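Work through the exercises below with the sequence and the model open. Each task is followed by a solution in steps.

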Amino acid sequence: MSEVFDGVPSVFPLHVRVRTMVEQLIFTGSWRAGERIPSSRMLAEQLGVSRMTVQTAIDELIAGGYLRSAPRSGVFVNTHATVADAPTESGGDVDWARWIRQPVTPGIPHLQRVPEWWTYPYPLITGQHDARFFPDRQWLSAVRKSLGDDHRHASLDDNLIDDMLLIDELRRSLLPSRGIFVERENVLITLGAQEALALLADTLVRRGDHVVVEDPGYVDARHVFAARGAELVPVPVDDQGLRVDDLTRETSLCYTTPSHQHPSNVTLSPDRRLDLIRRARDDDFLVIEDDYDSELCYRGRPTPAIASHDPHRVIYLGSMSKLLAPGIRVGFVVADPSLIRALAWRRRYVHRQVPGVTQRALALFMRDGSFTRSLHAYRRELAVRWEVATGTLHTRFPDQVFPPGGTALWLRLPDGATSDHVVTAARERGILIDPGELYFADAATGSGFVRVGFSCIDTERVRPGLLALLEVIEECRG
Ligand SMILES: Cc1ncc(COP(=O)(O)O)c(C=O)c1O
């Protein structure tokens with residue numbers, strides 16, 4: 001008995017340790033159903049604790065149904081509380097492979113995140129934000145305000161509908177610049193664009209449906225659709241974006257990133273935009289427009305969203321991940337109200353809502369202009385990095401075109417250099433970049449490309465990092 005007691009972590013208060021010990025003795029069958037347990041005096045002596053401690057533990061075990069007290073006879077193990085075998089830490093004899101439904105996404109690679117990427121001298125990665133540009137003070141002030149008298153209910157209640165203040169801010173200060181003017185019932189707040197994709201796939205995709213994805217394209221979207229049983233139809237991308245002419249008549253859904261095609265950064269040409277809408281109407285399919293970073297445009301104004309031309313067939317996705325920080329986890333869908341209601345219904349039975357505090361804080365942060373100011377400052381810095389990065393890469397690859405936007409450059413490697421060699425050799429020199437294989441339906445096609453991010457590396461390090469990368473590429477050509 002004492003060994004069991006000694007085995008219970010000493011961080012717990014003494015009476016909890018005694019209680020846990022008794023539970024274990026019952027579970028393991030050392031103390032059997034109906035058996036009388038030693039008196040509290042005896043237990044206290046054996047364990048070297050006070051009788052009061054033992055009595056508190058016994059009272060709790062009686063209240064919990066593990067023990068039962070019989071007047072003038074003692075305390076007994078309660079029949080119903082005993083089990084023959086104790087659960088083991090390893091999961092015992094549960095065959096988890098039988099229970100767990102594995103997602104069906106064979107052959108699709110997974111985006112990797114390098115742990116502690118910021119400790120590398122040249123983190124030319126994608127998907128991360130430069131935390132130095134996050135406006136801590138203004139965000140904290142918005143969070144503090146979100147708990148003030150006027151905002152407590154929006155922030156802390158169990159709300160089944162989205163925060164209308166945030167929806168109004170999106171309608172007022174973000175969507176009009178994309179040419180989108182909608183009502184409140186057209187907008188749903190999500191946990192990032194990723195959740196929006198998952199909700200859309202759950203709601204719209206039936207097993208065997210033909211879902212068009214860009215090739216190269218966003219691998220996380222491919223996972224989402226494939227896991228719901230979609231037949232993925234990769235359609236090539238050229239210097240005008242998605243090749244709309246290559247879409248087949250069987251298409252039921254087309255996922256596209258027209259502002260800055262992921263990963264090539266190409267903007268879908270005006271003709272192709274109109275073609276896409278025409279095809280969607282003629283062949284009766286829906287379009288998901290993932291507009292994850294359109295605000296990060298370094299020359300002129302971003303092209304209006306496709307959804308501005310057809311707000312019924314085109315489902316628009318936005319995200320705060322590239323504009324503010326991915327850890328904030330806020331995205332949104334703009335679509336027909338009947339679809340928004342269906343998505344909200346699904347979301348309700350997964351996590352109910354995006355945290356109220358986050359929604360209200362973001363609304364206040366947008367309303368007082370902090371969002372626009374921080375976005376402008378970050379965009380100015382990214383524009384400098386883009387100039388430096390493209391200038392440096394053009395010294396070696398003068399013919400490559402790098403569209404002015406986004407957070408990464410899509411680089412075609414010279415003959416002889418393969419992406420996996422370049423990525424590995426670069427990492428050994430402290431340079432982190434993403435392999436092209438991640439983005440193509442046929443990984444072999446991707447071995448001729450790498451993706452070079454500039455969203456989270458110090459501006460002064462962009463040039464030295466890329467010069468070092470150019471050396472690595474040259475060495476890998478052999
Ligand atoms: C194509 C694309 N869509 C959406 C997102 C944003 O996803 P989330 O809002 O879930 O962070 C990203 C981020 O990397 C992306 O590359």
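**Exercise 1.** Which residue in E8 is the bridge partner of valine 211? Then follow the pairing onward from E8.

Solution. The model is a predicted one. Step one: the bridge partner of valine 211 in E8 is leucine 253. Step two: this bridge belongs to the pairing of strand E5 (residues 210-215) with E8, which is parallel and has three bridges. Step three: leucine 253 also has a bridge partner in E9, leucine 286. E8 and strand E9 (residues 286-290) run parallel and are joined by four bridges. Step four: between these two strands, take the helix into account; E8, helix H11 (residues 270-283) and E9 form a β-α-β unit that is right-handed. Step five: check the cover of strand E8 (residues 251-256), where five of the six residues are buried.

**Exercise 2.** Is leucine 432 buried or exposed, and which residues does it touch?

Solution. Step one: leucine 432 lies in strand E13. Step two: its relative accessibility is 3%, and the cut-off for buried is under 20%, so leucine 432 counts as buried. Step three: leaving out residues up to four places away in sequence, leucine 432 touches Val114, Trp117, Tyr120, Tyr122, Pro123, Leu124, Ile125 and Arg427. Step four: for a distance across the model, take arginine 144, which is 288 residues from leucine 432 in sequence and 37 Å from it in space, C-alpha to C-alpha.

**Exercise 3.** How many cavities of 30 Å³ or more does the structure hold, and what lines the largest?

Solution. Step one: there are two such cavities. Step two: the largest cavity has about 80 Å³ of space. Its lining has 13 residues, and the closest to its centre are Leu174, Asp291, Ser294, Tyr316 and Leu323. Step three: strand E10 (residues 314-319) gives the largest share of this lining, three residues.

Key
Residues numbered from 1 in each chain as written. Predicted model: local features only at pLDDT ≥ 70, side-chain atom pairs only at ≥ 80, totals over all residues. Heavy atoms only, no water. Buried < 20%, exposed > 50% of the residue type's maximum accessible area, 1.4 Å probe, protein only. Pairing = 2+ DSSP bridges. Right-handed = clockwise from strand over helix to strand, strands pointing away. 1 Å grid on protein atoms, 1.4 Å probe; cavity = no way out; pocket = protein on both sides within 12 Å on 5 of 7 lines; lining within 4 Å. Points joined across faces, edges and corners; volume = space filled by probe spheres on them. Contact = heavy atoms within 4.5 Å.
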